[in-house]
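Please look at the sequence and the model shown here before reading on.

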Amino acid sequence: MKVFEFHLNPKNKKDSIFKAFAFEPKKSEDQRKGNLYVAGELSHSTARNARLLEKISSLLKEEYYSSKAPKEATSET
């Protein structure tokens, strides 16, 4: 088993949003692809686009675990 540890320390800015998301699949067919981790920072954010990172991470999750995606995820060693 490979374990990755990331230390993120974004600068605290009033107009910046930083979010990290972790998705662990529940279905057995999705478990073959493994967990999905997404981190993002949005600079110059407003109340209007505050949920943008959540929407992008949800879209990435749907595409990653979709049946159209390759059965085996590639990994760098």
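What follows is a description of a predicted model, beginning with the chain as a whole.

The protein chain holds 2 helices and 2 strands, and, read along the sequence, these elements follow the pattern β-α-β-α. Of its 77 residues, 22% count as buried, while the accessible surface of the chain comes to about 7,100 Å², with 52% of that area belonging to carbon and sulfur atoms. Among the contacts with a separation of 6 or more, 56% are between residues 24 or more positions apart.

Two residues can now be taken in turn. Glu-24 lies in the loop between β1 (17-23) and α1 (28-31), and Glu-24 counts as exposed because its relative accessible area is 56%, where the cut-off for exposed is over 50%. The C-alpha atom of Glu-24 is separated by 9.9 Å from that of Lys-61, a residue 37 positions away along the chain.

Lys-33 is placed in the loop between α1 and β2 (36-42). Is Lys-33 buried or exposed? Lys-33 is buried, yet has no salt bridge; the nearest side chain of opposite charge, that of Asp-30, is 5.5 Å away, whereas a salt bridge needs a side-chain nitrogen within 4 Å of a carboxyl oxygen. A polar atom of the Lys-33 side chain does, however, lie 3.0 Å from the backbone oxygen of Ser-66.

The distances described above are gathered here.

| Pair | Distance |
|---|---|
| Glu-24 and Lys-61, C-alpha atoms | 9.9 Å |
| Lys-33 and Asp-30, side chains of opposite charge | 5.5 Å |
| Lys-33, side-chain polar atom, and Ser-66, backbone oxygen | 3.0 Å |

Notes. Residues numbered from 1 in each chain as written. Predicted model: local features only at pLDDT ≥ 70, side-chain atom pairs only at ≥ 80, totals over all residues. Heavy atoms only, no water. Helix = DSSP H or I, 4+ residues; strand = E, 2+ residues; numbered from the N terminus. Buried < 20%, exposed > 50% of the residue type's maximum accessible area, 1.4 Å probe, protein only. Contact = heavy atoms within 4.5 Å. Areas by Shrake-Rupley, 256 points an atom, 1.4 Å probe, with all protein chains shown as cover. Lys, Arg positive; Asp, Glu negative; His and termini not counted. Polar contact = N/O pair within 3.5 Å; in protein donor to acceptor, adjacent residues only side chain to side chain.
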